[in-house]
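Here is a short report on a two-chain model.

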Amino acid sequence: MDELLREFIAETNEHLAVLERDLVALERAPEDARLVDDIFRNIHSIKGTCSFLGLKRLESLLHAAENALGKLRDEGLPAALAATGTLLGACDRAKTLVAALAQEGREPEGGDADIVARLELAMRPSALVPAPAPAAPEPSTAAPAAGVDTIRVNLDTIERLMAEISELVLARNQLTQLLRGRTDLEATQALQRLSQVTSALQESVMKTRMQPIGQAWAKLPRMVRDLARELGKKIELKLDGSETELDRQVLELVKDPFTHLMRNAADHGIETPAQRRRVGKPETGTVTLSARQEGSAIVITLADDGRGIDPERIRAAIRRGGFVSDAELKAMSEHQLLQFVFHPGFTTAAQVTNVSGRGVGLDVVRSNVEKIGGTVEVASGLGRGTRFTIKIPLTLAIVPALLLDCAGQRFAIPQTAVAELVRSGPEHRIEWIHDAPVLRLRGSLLPLVALSDVLLLGEERGTDNEWLIVIIGYGAQRFGLMVDGVDDAEEIVVKSLAPMLRGTRLFAGSTVLGDGSVVLILDPGALAAMTGASDSVEPVRAPAPPPQLGGSMRGDGLLLFRAGGATPKALRLASLLRIEEIAPGQIEQIDGKPVILYRGAALPLHLFGAAAPGGRQFALIAAHDGRICAFVADAVLDTVDDMPVLDRALAGPGLLGVAMIGGRPVEIVDAAHYVTTASARLPAPERSAA
Amino acid sequence: MSDFISLRIGTQDFGVPVLQVRDVMRRQQLTPVPLAPRAIAGLLNLRGRIVTAIDLRTRLGLPPQAADSDATHVVVENGGELYALVVDSVGDVLAVDERQLEAVPPGLDPQWRAVASAVYPTADGLIVLLDIARLLDMAPPRRAAS
C-alpha cells in the first residue's frame, strides 16, 4: 500500500477517535465553544488530507459534516445538542470507510447520501428536536494495524532511556577514574569496550528523537501540485534547509501546520496566472519553505510571492466578527492587525471553497505551534506576498554551547548565537555613553550589557576592568555580553525549567554537563530584547508599508528607510507628511535639479545616491515651516520609537548624527535642512491635511 | 489510612505524602538560579534529571539554617517535575488515621496556612501536613534588570 495512504489511515483513526470523544463531550456541554472549535479543526484536518489523496467519498462526507457544524456554530450552540447524534453517525460512517480503505487500499463503492441528508436536516433551525440515536455502526472489523516497520514509542520512555544513559555515562566516568593508572590489561580493555558501547548507545538514543524536517515536508510537493491543478494556478515550491534536525515530537506537531499554511498560500496567496500577468509578475507563483536554526530556536518560514494580505480586509473582518471593540481596533498596529488571521473563527474569505476559507486552519496552526512553546507570526506586503514565520524553541534539541564564567558561576549559551569573542583592553576599549557601555568594533558601535548586571549577581566591578565580550548575533541584532571568561564548549541536551522558574525569561532551560554539574542556559533572544533594541529592523525581506502609502503620517517615532547605500537612514515621523510610491519616469529635471510632480506642482527632490536599479522607489514627503520637499527611498523598512542620537561626530549639514537601532547604526536625516535649502511652497490643500 | 514522611525544621515537624516522595539524599551541590523566587535554593542533578530545590525554611518564612549544619533533600514529584525540599532532617514514615486529622487553625501564619493541608496530633507533638502542589505555587520570579 502507498506509504502516504498507510500514514493517513493511522492518523485518521486517531483523529476519528478524538472526534468521537469530543462529540460525546459536546452532547454533555453544548455551550463549550472551545470544544466546537476543536471538533471543527479535527474534521477540517482529516478532510484536507482526504482531498489531496483523492478520497472523494470521505471528503464529501466530511464536507457535509463540517458545513452542518459551521452552521451550528454560527447560529448559537444549543442547537448542537440536536446535531451531535447526526454528527456521530457521520463519524461512524467515516470509520467504516477508513476500515475498508485499510483493507482494500481504496474507498468502497457506494455513497453517503443518507448521512448527508441527515446532516442537512440538522442544519435547519427546526431541527431542534433531538435526532434519533445513530444506528449502530455497521459491524466493522477493527482497523488493522497499519505500519509494520515503525512503532510509536511514548516520549516518556525515551526520556527515561536518556536519563538512564546519563547515569550510565556518569558511572563509566567514575570507573575510569578508579582504574586510572592501573596497568591491568584486562580491566582497561573491558573499560574501553564499555566506554565505546556507552557512547554509541547515547548517540543512538539521541538520534531516535531527531529527524530532518524534510520528512515532514515529504508530502508537500505532491500536495502543491494537486492544489495548483484544482485551483487552476501555477505554483512552484522551493524547499530550503530540509536537513535541519528537529525533535521527533516537535516534528509531529508541526506537520499539520505546514499542510494548513501551504493550502492557505495556494488558495489565498498565489493569484491565478491571468491575475499575475496583469500585475507584471511571472505566471508561476513561488512558495518558499525554509528552515534553519537561529539562536535558541528553529525558525521555519513559509513565504509566497502572491497578493499579500490587505489590512483593510482584515480590519473589516475583525469588525464583522466583533472580535475587539472599535477603540481597540483603532489602536492596533498593522502588525497586530495581521496577527488576527490566527484567531479562531476569523475569516476574510467571502466564499467558502473546498480548499480553505472557513476560518479554521490558521488557528490550528497557532494552537499546534503554541503547544510546543513556539510562536507564529505573519508579515505581509500588499501585492508582494505573505510570510509566515514559525519559531520553535530548542527545548528537547541538542545544541553545541559555550560555557561562560560570570560572578563565579557558569552559564551556557547556544554557540549558534555567538558571532565572535573579543577581550577588552587597550585595543578594544569599553566606552560609556552616560551609563551605557558600548564597544567600537570595526567602525560600528556595539551596545554592551554586563551579564552580572542582567542577572543581578551584584558584583561591583570597575569600568576599566578586563572583560571578555561575547558578541551575540540574534536576528538582525548584534550586541556584546560582558562576562569574566569563557570556559569550554560542550554539546548539551536542553531540559526545560520547572514552571516557577520560567517567568525569568532569560533562561532557555538547564542542562547537565559531562562532569555531572547543572548549568543554566541563557536565551540569546531574551538577552537581545534586554539590550533595548527591537528585532524589527527587517521584518520582511521586501517590507513595504502598505497602509501608510498615500496616507498621512503622524507620531513621535522614526521612519527607517534605505536609500543610497547599505546603512539605513531615518527620518523623524513628525516631519513626514506622506509616503508615495513613485515610478522612475515621474522624476524629472528642472534647472538640472531633480523634481517630482506632486499634486500638480514640481516638488524638489533629494536623492541620497544612485537608486537601486530596477527596484521600487518611494518619495518621502517631508515638511518644515510650511515648505516641503521629498526624499527618494529605495525601501521603507519600519517605524521605531525615537532614539537618542548616539554619535554626533558624523553630524553635518543634513545629518543629525548616528543612532544604534536594532544593533545597527542608522543615520538620522535632518529633514529641516533639506526642506529649507531646496524647498517649494506647500501646496494649499496639503496645509490643511498636515 | 495514608502514609506520610515526617520532616523536621528547627523544632517543628511536618509531613509530606509518602506517595509523592521519590528519594531522600544528603545535602547536594546546588546550582543557584539568578532572578528566581527567594525560596528556590538551586538546581541539582539526580541521575541525569534536573531537580529544582526549594528551601523549605525560606518558603515558610523561617530564619535560614546555620551554614555548617546538616541538611537533607527530600525529592518529591509534582506534575511530572522533580523537586527537592531542603529540610534539617527526615524522620519516620507515619501511618496517619484520617479521622484524627485536625483542621488548620485559623490563627496560623498565612504563609503556613497557604501550604498546610491539616494538622496531625501525636503524643510527641503536632505535625503539620503539607500540600506539595501548594508549596510549589509561589510568587512569580523577579524579572531581569533592564
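Chain B holds an open sheet of five strands in the order β3-β6-β7-β5-β4, and its pairing is mixed. At the edges stand β3 (21–26) and β4 (40–46) of chain B; each has a single partner strand, so one side of each lacks a neighbour in the sheet. From one strand to the next, the twist averages 30°. That angle runs from 0 to 180 degrees between N-to-C directions, with axes fitted as lines to C-alpha atoms.

This is a predicted model: local features need pLDDT of at least 70, side-chain atom pairs count only at pLDDT 80 or more, and totals for chains, interfaces and linings use all residues. Residues are numbered from 1 along each chain as its sequence is written, while chains are lettered from A and ligands numbered from 1 in the order in which they are written. Helices (H or I, at least four residues) and strands (E, at least two) are DSSP runs, numbered from the N terminus. Two strands pair if DSSP finds at least two bridges between them.

A further open sheet of five strands in chain B has the order β8-β1-β2-β10-β9, again with mixed pairing. Its edge strands are β8 (89–96) and β9 (116–122) of chain B, each pairing on one side only. Here the twist averages 30° from one strand to the next.

| Strand pair | Bridges | Direction |
|---|---|---|
| β6(B) (residues 72–78) and β7(B) (residues 81–87) | seven | antiparallel |
| β1(B) (residues 2–9) and β8(B) | six | antiparallel |
| β2(B) (residues 12–17) and β10(B) (residues 125–130) | three | parallel |
| β9(B) and β10(B) | six | antiparallel |

Val76(B) is opposite Tyr83(B) in β7(B). Ile5(B) faces Val93(B) in β8(B). Ile127(B) in β10(B) stands opposite Asp13(B), and Tyr120(B) is also opposite Ile127(B). Two residues separate β9(B) from β10(B) in a hairpin.

Now chain A. Its secondary structure comes to 20 helices and 30 strands. Of the 690 residues in chain A, 39% are buried. A residue counts as buried if 20 or more other C-beta atoms lie within 10 Å of its own, exposed if 12 or fewer, and partly exposed in between, with C-beta atoms placed from the backbone. Among contacts in chain A between residues at least 6 apart in sequence, 68% join residues at least 24 apart. Two residues are in contact if their C-beta atoms, placed from the backbone, lie within 7 Å.

Helix α9 (residues 220–231) of chain A has twelve residues. Its first and last C-alpha are 16 Å apart, close to the 16 Å expected at 1.5 Å a residue. That expectation is 1.5 Å times one less than the number of residues. Leu220(A), Met223(A), Val224(A) and Leu227(A) are the buried residues of α9(A). Down the axis, these fall within an arc of 100°, so they line one face of the helix. The arc is that of the directions from the helix axis to the C-beta atoms. The face turned away from the buried side carries exposed Pro221(A) and Arg229(A). Just after α9(A), Gly232(A) has a positive phi of about 65°.

Finally, the interface. The contact takes 25 residues from chain A and 25 residues from chain B. On the chain A side, the elements giving two or more residues are α6 (155–179), α16 (451–454), α17 (499–502), β17 (507–512) and β18 (518–522).
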